[in-house]
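Student: Could you take a close look at one part of this model for me? I'd like to go through the interface between the two chains.

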There are 2 protein chains.
Amino acid sequence: MNKLQLFTLAGSLAVAAPALAQQTAEKVDQAAIAKIKDEGLNRSKVMETAFYLTDVCGPRLAGSDGLKRAYDWTKNRLTQDGLVNAKLEPWGDFGRGWDIEKSYVAMTAPYYHTMIGAPKAWTPSTNGNVKKQVVYVKATTEADLDKYKGQLRDKIVVTEVATPPKEGFEPDAKRYTDEELSKMAAATATPARPAATTSDADRMATYRARMALRTKMSDMLMAEGAAAVLSTRGGSQGTFFTSNGAPYAADAKPVLPEIEMSPEDQLRIIRLVEAGIPVEVEMETKTRFQSQDLKGYNVIAEIPGTDKKLKSEIVMLGGHLDSWHAATGATDNAAGCAVMMEAVRILKASNLKPRRTIRIALWSAEEEGLFGSKNYVKNHFADPATMKLLPEHEKLSAYFNLDNGGGKIRGIYQQSNEAVAPIFTAWLAPFADLGATTVTPRNTGGTDHLSFDGVGLPGFQFIQDPLDYGTRTHHTNQDTYDRLIPEDLKQASVVVASFVYHAAMRDQKLPRKPLPTATAKAQ
Amino acid sequence: MNKLQLFTLAGSLAVAAPALAQQTAEKVDQAAIAKIKDEGLNRSKVMETAFYLTDVCGPRLAGSDGLKRAYDWTKNRLTQDGLVNAKLEPWGDFGRGWDIEKSYVAMTAPYYHTMIGAPKAWTPSTNGNVKKQVVYVKATTEADLDKYKGQLRDKIVVTEVATPPKEGFEPDAKRYTDEELSKMAAATATPARPAATTSDADRMATYRARMALRTKMSDMLMAEGAAAVLSTRGGSQGTFFTSNGAPYAADAKPVLPEIEMSPEDQLRIIRLVEAGIPVEVEMETKTRFQSQDLKGYNVIAEIPGTDKKLKSEIVMLGGHLDSWHAATGATDNAAGCAVMMEAVRILKASNLKPRRTIRIALWSAEEEGLFGSKNYVKNHFADPATMKLLPEHEKLSAYFNLDNGGGKIRGIYQQSNEAVAPIFTAWLAPFADLGATTVTPRNTGGTDHLSFDGVGLPGFQFIQDPLDYGTRTHHTNQDTYDRLIPEDLKQASVVVASFVYHAAMRDQKLPRKPLPTATAKAQ
């Protein structure tokens with residue numbers, strides 16, 4: 001899940017949802033569901049898949065070696081599992097690949113202390129092991145920055161800590177309560193792109209001002225000849241968040257080496273410096289850029305449809321293969337990919353014969369702006385800027401996405417599509433015993449189903465138990481295999497397998513919302 | 001607090017507490033308390049003291065440079081605060097000092113990943129930066145160990161992870177509830193040294209077997225020529241626990257370089273190795289032993305008594321200055337030392353004139369076995385082995401200790417001393433508004449008041465809110481200044497100041513339990 005969700009969620013406006021007309025009963029294939037549950041709950045391979053995606057492939061930053069390993073491994077595994085047409089499909093230019101080859105940072109005065117951090121993505125190497133005095137740059141305006149001119153040459157700059165570590169009186173991990181789920185079920189839909197409110201505008205203005213200052217600071221530190229930067233995006237007790245946004249473009253302007261830090265380590269330095277005690281830091285980052293292949297790819301594979309008339313139609317499911325770099329992206333989003341791969345494995349292993357073609361897509365560069373899925377949609381279905389529909393647009397029944405961490409599925413977001421409510425309600429009913437019960441009219445954002453929704457195609461994201469996604473795993477150095485709960489991923493796999501299967505068997509494609517207008521989508 | 005507490009608490013036996021006879025009303029000086037609260041709550045310096053002990057002095061392992069900085073800083077600060085006779089009092093031989101000068105560990109194959117860890121205390125340096133294949137040694141018996149013979153030369157050995165990381169559904173930090181406190185108040189006393197139970201015996205047997213296997217493994221790895229060891233004591237999400245017990249003796253036999261790890265990092269290696277994927281690790285530890293001064297010291301200072309008759313009598317208070325090495329020992333036990341230093345500062349700043357002499361002691365080598373306090377007691381009061389009383393034994397009214405983390409004071413343990421109940425109840429009453437209400441007959445162990453209790457002197461530890469002591473700070477790499485809650489330490493400081501002051505003003509010394517017999521104490 002990427003950072004855009006913050007604004008989408010925070011800015012949502014409630015609108016009244018009209019009462020749903022009673023529909024004819026939706027068909028549910030209990031025998032198929034029994035097979036799916038049997039295979040998915042008793043002979044699951046989802047944790048094995050998650051292990052390969054995380055521990056074996058490693059961090060999977062867009063363009064990195066880890067992502068390339070994951071491209072190859074998933075393509076091969078999907079083929080082994082009986083899918084066809086497995087391929088790496090280029091979606092366009094992404095930018096430079098980047099990998100970490102060394103990362104070390106320690107305080108060496110007033111005493112030695114190894115610190116917890118990782119290079120910010122796409123930052124360059126230090127000049128070997130550098131040991132320098134620290135200057136704390138505390139600036140909320142450009143004028144503040146000016147005060148440091150002439151003081152930064154050959155120094156390691158430490159920036160402010162905006163978010164102090166938490167105290168821990170609340171649990172890191174939670175599941176949705178029945179009450180919370182009831183509220184979601186009873187909620188009104190929210191528009192995908194709500195009208196801007198004053199507070200939205202304020203927030204965006206603050207955000208833009210901060211970004212502008214950050215750019216100015218970056219230019220200034222470069223011009224002043226600082227050696228490197230230590231910064232933090234928050235976290236606590238050894239967990240730190242890594243950064244969104246970085247110069248991965250082939251022609252990006254140079255920046256300084258920068259390590260994103262555990263806030264406790266950074267705060268210790270700041271407290272010492274502010275007390276007048278000189279602090280020295282040694283650090284070594286060695287990073288490697290790759291410019292041989294600037295393209296991005298999605299991994300695609302299919303279970304062919306068996307119905308003569310319907311097999312040209314498609315049901316899609318997916319998650320994103322790419323991750324941030326300081327951990328192995330277990331919950332963001334190896335979990336989603338492993339569940340989707342397990343769902344198609346279950347369907348093959350259960351020998352179910354879908355009428356429509358089922359197509360799995362494992363996206364890349366989601367974290368930088370849903371690039372893999374957006375470009376796939378543009379290449380296959382429609383460009384939201386023009387809304388000129390390509391022939392495949394009418395062939396897609398639905399796209400199902402999973403990218404809200406490692407939590408089990410508690411239901412699904414209608415994404416303001418009223419007509420799907422009775423269908424999803426019927427499809428969920430057999431999974432009430434596994435905790436999946438809730439169909440909410442609400443939209444949700446921040447991930448790849450939006451690319452489909454943006455051109456009027458039915459794109460959905462499931463409701464998942466939040467677990468410790470917001471506190472410990474989402475974009476952190478602790479998003480590792482250890483955070484995955486096998487029972488949750490098994491449950492999610494059978495729910496997804498059943499949804500995809502039922503979408504592939506249904507007489508009609510899933511109902512659609514009205515097409516968006518091109519002007520509304522123009523950038 | 002050191003590891004012994006685990007056994008003491010786990011093994012406690014309940015015994016019935018006789019009903020307390022009604023006592024004459026205990027005097028409480030409300031005017032003094034008002035002064036103490038005013039100074040301690042409105043002009044507190046406890047966080048400044050905590051900052052110097054943690055961030056400025058750094059880790060304070062017994063014998064380390066950090067502890068020496070803390071010796072000097074506390075002695076000077078106590079003098080500045082108006083105390084007299086401040087000194088470093090040697091208590092006997094401890095062993096070698098040890099400091100970390102470099103600590104770096106990363107996985108370099110199948111891909112690069114910096115790991116979170118710290119050298120185990122008193123382990124030697126690696127031979128520069130070593131990069132080696134990993135062997136996972138999984139052994140619960142000596143026979144298991146034999147299987148690895150011939151396979152370990154020049155390898156980095158990874159040992160088992162006994163405690164997997166937690167999931168986070170429970171909060172890291174908690175405060176005692178009213179119900180829990182009521183139960184403690186209504187509890188029966190527990191003997192300080194309970195009769196051993198079968199489960200105690202089993203636990204001890206398991207513990208000894210594990211220790212014996214560890215020693216055998218250590219010898220075997222050394223003999224086989226392994227390069228280094230990676231091990232873990234648990235933790236989660238970037239927090240890891242550091243180890244008790246290490247060869248600090250001047251004549252300790254050699255061991256291999258060893259890093260204690262974040263369990264997630266270690267588990268990743270183990271999962272890869274078990275899947276047949278070769279893992280390579282590079283690491284560099286540089287540690288420095290100091291043998292110039294093998295002695296241990298306590299920092300001692302006094303507020304002289306003002307009553308001609310009583311000023312030769314003493315009321316003591318203390319905490320331990322030493323800590324483990326992977327963090328700055330903020331809750332274990334800079335917090336206790338800062339509170340005790342603040343308590344005497346408050347008394348001086350409030351211009352209160354105690355009748356008895358108040359003596360603060362900041363112990364060392366608590367973590368290795370209460371050595372500082374045990375030897376102080378032996379040198380000043382009595383050797384528990386002989387129970388031959390020194391002249392000062394009759395002069396001590398009480399010793400108050402604080403070493404259960406950074407949580408505010410909720411009451412006090414009577415330590416099976418029935419006669420102190422009404423006294424402590426009266427002394428606590430003015431602090432009910434600050435959450436300190438509970439006098440429990442229970443014993444508590446694991447820290448320096450036991451050294452006094454062991455020779456029949458009234459030694460007490462306060463009840464403190466647990467906060468995140470057990471989950472995040474006690475002996476971890478995350479026991480830093482950030483974990484301290486200023487309001488909690490201010491509250492504790494005023495409660496302690498008042499207790500110490502009232503003990504110093506009381507007509508009688510505090511009542512004592514019967515003297516223990518020497519044979520019961522012989523080692």
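Student: By what turn and what shift along the axis can chain B be laid on chain A, and with what RMSD?

Tutor: Keep in mind that this is a predicted model. Chain B goes onto chain A by a turn of 180° with a shift of 0.0 Å along the axis, and the RMSD comes out at 0.0 Å. That's the relation of a two-fold axis. Both copies use the same surface, too: of the contact residues of chain B, 100% recur in chain A.

Now for the contact itself. On chain B, 54 residues are in contact with 54 residues of chain A. Between them the two chains bury about 4,100 Å², with carbon and sulfur atoms giving 55% of that area.

Eight salt bridges are counted between chain B and chain A. One of them pairs R472(B) with D172(A), where the closest N and O atoms are 3.8 Å apart. The count of residue pairs in polar contact between the chains, both at pLDDT 80 or more, is 18.

As for secondary structure, the elements of chain B that give two or more residues to the side touching chain A are α3 (46–56), β2 (97–109), β3 (113–114) and α8 (263–274). By residue type, that side of chain B divides into 22 nonpolar, 18 charged and 14 polar residues.

Definitions and conventions:
Residues numbered from 1 in each chain as written. Chains lettered and ligands numbered in written order. Predicted model: local features only at pLDDT ≥ 70, side-chain atom pairs only at ≥ 80, totals over all residues. Heavy atoms only, no water. Least-squares fit on C-alpha atoms with pLDDT ≥ 70 in both. Contact = heavy atoms within 4.5 Å. Buried area = accessible area lost by both parts, 1.4 Å probe. Salt bridge = Lys/Arg side-chain N within 4 Å of Asp/Glu carboxyl O. Polar contact = N/O pair within 3.5 Å; in protein donor to acceptor, adjacent residues only side chain to side chain. Helix = DSSP H or I, 4+ residues; strand = E, 2+ residues; numbered from the N terminus. Nonpolar A, V, L, I, M, F, W, Y, C, P; charged D, E, K, R; others polar.
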